[in-house]
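I am opening a notebook on this structure. The entries below record what I looked up, in the order I looked.

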Amino acid sequence: MTLSDHMRRIFKGVLDPIAGFLNRLGLTPNMVTFLGLAGSCVGALFIARGEMTIAGFVILLAGPIDALDGAMARLRGEPSDFGGFIDSVTDRYSELLIFGGLVYYFFQQNDLLAVMLTFTAAAGSVLVSYVKARAEGLGFQAKVGMLTRLERYIVLIPSLVFNVPIVAMWIMAVFTNFTALQRILHVRAQAHREMKTGRG
């Protein structure tokens, strides 16, 4: 289980009542998914303006929404593959919007090193998710690694709140790509085991 899975289990008693309340209001899981995307968009705009602390709190408030849409679908008895697909796609857009805001901010500061770090962190974040999706499409499991999505936000949000986003970019540039490599090696080990089993 990833840290995200553990957190969902720990906070299930909190998430389920909120999800039930949102269902009773007539909101759908997809509405809540896009609400989270809108929150990330607002956070990215604050980042681009250099208002890092505000951006950090906006993203902190938008973050739990990612867990609510799934809880809402489960309580409604209608979780779907398409809903999960939309959730995953909007998660990637949310992250890339935030990275885009950081690239714009660092570019305005003429900090080309920070721009490259942010690009590297964004590439690593996308690869972490892509490797998992591609592996699962081939029948392998790839929910491993140091810096999954929740951990990335745990690194990012404090750095924004305390106005030191460059710290998060250094950490994420290194460890998102390391996480992608961990997943690649994990899939490779499964493929080798499968080959040996087939030969046996």
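Entry 1, a threonine. I began with Thr-179, which is buried, with a relative accessible area of 0%. I take buried as under 20% relative accessible area, exposed as over 50% and partly exposed as in between, with a 1.4 Å probe and protein chains only. Thr-179 lies in helix 9 (residues 165–199). For helices I use DSSP runs of H or I with at least four residues, numbered from the N terminus.

Before going on, I note that this is a predicted model, where local features need pLDDT of at least 70 and side-chain atom pairs count only at pLDDT 80 or more, while totals for chains, interfaces and linings use all residues. Residues are numbered from 1 along each chain as its sequence is written, and side-chain values use heavy atoms, with hydrogens and water left out.

I asked what Thr-179 is in contact with, leaving aside its neighbours within four places in sequence. I found Val-128, Val-144, Gly-145, Met-146 and Leu-147, counting as contact heavy atoms within 4.5 Å. For Leu-147 I also noted that its backbone nitrogen is reached by the side chain of Thr-179 at 2.9 Å.

I searched the whole structure and got 6 salt bridges. The term stands for a side-chain nitrogen of Lys or Arg within 4 Å of a carboxyl oxygen of Asp or Glu.

Arg-74 belongs to helix 5 (residues 65–76) and Asp-16 to helix 2 (residues 12–24), so the pair ties together parts 58 residues apart in sequence.

I placed Glu-95 in helix 6 (residues 81–108) and Arg-152 in helix 8 (residues 149–161), 57 residues apart, and the pair links distant parts of the chain. Both residues are buried. I also found Arg-92 linked with Glu-95 and Arg-152 in a network of salt bridges.

The side chains of Lys-132 and Glu-136 form a salt bridge at 3.2 Å, N to O. I asked how many residues apart Lys-132 and Glu-136 are in helix 7 (residues 112–137). They are 4 apart, which means about one helical turn separates them. Lys-132 is partly exposed at 25% relative accessibility, and Glu-136 is partly exposed at 38%.

Methods:
Helices (H or I, at least four residues) and strands (E, at least two) are DSSP runs, numbered from the N terminus. A polar contact is a pair of N or O atoms within 3.5 Å; within protein, one must be able to donate a hydrogen and the other to accept it, and residues adjacent in sequence count only if both atoms are side-chain atoms.
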